[in-house]
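Trainee: I would like to learn how to read a model of this kind, feature by feature. Could we go through it together?

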Amino acid sequence: MNYIFYLTSAVAVISTAMVIFHKNAVHALLYLVTSLLSVAIIFYQFGAPLAAALEVIIYAGAIMVLIIFVIMMLNQGDASVAQEQAWLQPHTWIGPALLSAILLIQLILLVSSGQISASQSYHYIGPKQVGIALFSHYILAVELASMLLLAGLVGAFHLARHRKTTIEE
Amino acid sequence: MSASVWIILLNVFGVLIVTVVLAAILTWGERRLLGFWQDRPGPNRVGKFGTLQVFADMIKLFFKEDFTPKFADIPVFILAPTVVMATMLIAFAVVPISPNIGVTDLNIGLLFVLAMSSIAVYSVILGGYASNNKYALLGSLRAAAQTVSYEVFMGLSLMGVVMLSGSFNLREIVNAQAEGWFIVPQFLGFFIFFIAGIAESRRTPFDLPEAEHELTAGFHTEYSGMKFGMFFVGEYLAVILISALITTLFLGGWHGPILPPFIWFCLKTALLICLFILLRAAIPRPRYDQLMKFGWKVMLPLALLNLLATAGILLWTA
């Protein structure tokens, strides 16, 4: 059980690093998909099957597809790889890397001091419990999110609406 | 090794091998049936009734030059056809074939299948992108838009079944149909899922991503040899998977009188596969904008209505 977790986490960390360092946008996105899949496995392992399934269906299966869709339409070739190459200089990444290293040290200190115990006491949360929690305790958040999505939908509809000048079919 | 381990191994490899072999046989079966319905012989020369055509095709695919274009994005080009085969075969792991045949009993089986079918989209998109060819690109753009739109109500149409059975587990869904098949209360769900299934497996009339009269061969224009074969077999695997799923979700799975459960499952699935082929023989291709309009303006509202009505009736009678 434990070694599966460590293996999946290693895959997640390595693939996420590859997302950052890869110069070809589509290859980087493929690593991102791998990273999302490994996170889904970790969710499943810790007793949250619904979260795992939604991670794959929504993030890996829909959102990433749309992003690749857009990148494909832009049709970037070797020029964009060269551009990425130029951008990934030490003076651009050294600042954020140092700052996040501080956060990493803090996290390691916290975990090793035992304040956040990486205990085995997780419990299984099935789809039913998630549904009940969403539509009772978190109903306000669900409603707010749905209003936001509706606003987005109406906005997209307005932008993509047929003008009179377009050819009638 | 103990007996139970052998049974598990038999289940795993049995399901794997039978599905791949079935998909291979379907390449011949489809052409024969199409020929029958279109009043022509179809492949009937190799072996009795052309049954050895599958082997002839396989030999041809294996010995043809497997050409990888220089302008392609080579790692992605090789990855793309494997994705569709792998995801479709993994999805079969949760399909319960009879009371004691089936690879695994996942508590979120239905969601697992939906997840695998949404990952399968990558094979088309990446194939089209990596080919670096305008026909392939157009084909995969169509495929991406089509699959993402039809996936939305594919999931929604199944939620009625989930509400009636109270579970995402496919085995429990089959058990819940012991008294009556879900196709009766969920006829609309069945109809929507069937159409979405055709669109997901990109079969005629929804095969615009590979419409040969306008896009050469769409996303697999640049593919040859066994890589093309994998796309081809992947499509048949998708057809078998969708048929097996419809059997499980709407047609009572292995339930049926007199005959043993396994035979019932095979009969229902085979009938649905024939229906897929009959549709290909009978229905012409729509235009691309008609396809998208149909999806978003007809199927999605219908799926939502079905969901609302099922939930309302369940709450009323509860």
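Mentor: What follows takes the features in turn, with the general idea before the case.

Mentor: This is a predicted model, in which local features need pLDDT of at least 70 and side-chain atom pairs count only at pLDDT 80 or more, while totals for chains, interfaces and linings use all residues. Residues are numbered from 1 along each chain as its sequence is written, and chains are lettered from A, and ligands numbered from 1, in the order in which they are written.

Trainee: How many helices and strands are there in chain A?

Mentor: Helices (H or I, at least four residues) and strands (E, at least two) are DSSP runs numbered from the N terminus. On that basis chain A has seven helices and zero strands.

Trainee: What share of the residues of chain A count as buried?

Mentor: A residue is buried if 20 or more other C-beta atoms lie within 10 Å of its own, exposed if 12 or fewer, and partly exposed in between, with the C-beta atoms placed from the backbone. Of the 169 residues of chain A, 14% count as buried. Helix 2 of chain A, residues 25-45, contains several of them, including A:Leu30, A:Val33, A:Leu37 and A:Ala40, and what covers its buried residues includes helix 1 (2-21) and helix 3 (49-74) of chain A. Just after helix 2 of chain A, A:Gly47 takes a positive phi of about 80°.

Trainee: Which residues have the most contacts inside the largest nonpolar core?

Mentor: In soluble globular proteins, nonpolar side chains tend to be buried together. A nonpolar core is a set of buried Ala, Val, Leu, Ile, Met, Phe, Trp, Tyr and Cys residues joined through C-beta atoms within 7 Å. Here the largest one has 103 residues, and those with the most contacts inside it are A:Ala53, A:Val56, B:Leu111, B:Ala115, B:Ile125 and B:Leu241. Its largest share, 16 residues, comes from helix 4 (residues 109-131) of chain B. Two residues are in contact if their C-beta atoms, placed from the backbone, lie within 7 Å; leaving aside neighbours within four places in sequence, A:Val56 is in contact with A:Leu37, A:Ala40, A:Gly61, B:Ala115 and B:Ile119.

Trainee: How many residues does each chain bring to the contact between chains A and B?

Mentor: The contact takes 18 residues from chain B and 18 residues from chain A. Helix 4 of chain B gives the most to the side of chain B that touches chain A, with nine residues. For classes, Ala, Val, Leu, Ile, Met, Phe, Trp, Tyr, Cys and Pro count as nonpolar, Asp, Glu, Lys and Arg as charged, and the others, Gly among them, as polar; that side of chain B has 15 nonpolar, two polar and one charged residues.

Trainee: Is helix 9 of chain B largely enclosed or open?

Mentor: Helix 9 of chain B is largely enclosed by the rest of the structure, because 22 of its 25 residues are buried.

Trainee: At what angle do helix 7 and helix 11 of chain B pack?

Mentor: Two packed helices are described by the angle between their axes and the distance between the axes. Axes are lines fitted to C-alpha atoms, for helices over the stretch in contact, and angles run from 0 to 180 degrees between N-to-C directions. Helix 7 (residues 187-200) and helix 11 (residues 288-317) of chain B pack at about 145°, with their axes 10 Å apart.

Trainee: Is B:Phe71 buried or exposed?

Mentor: B:Phe71, in the loop between helix 2 (53-63) and helix 3 (74-91) of chain B, is exposed, with 12 other C-beta atoms within 10 Å.

Key. The expected span of a helix is 1.5 Å times one less than its number of residues.
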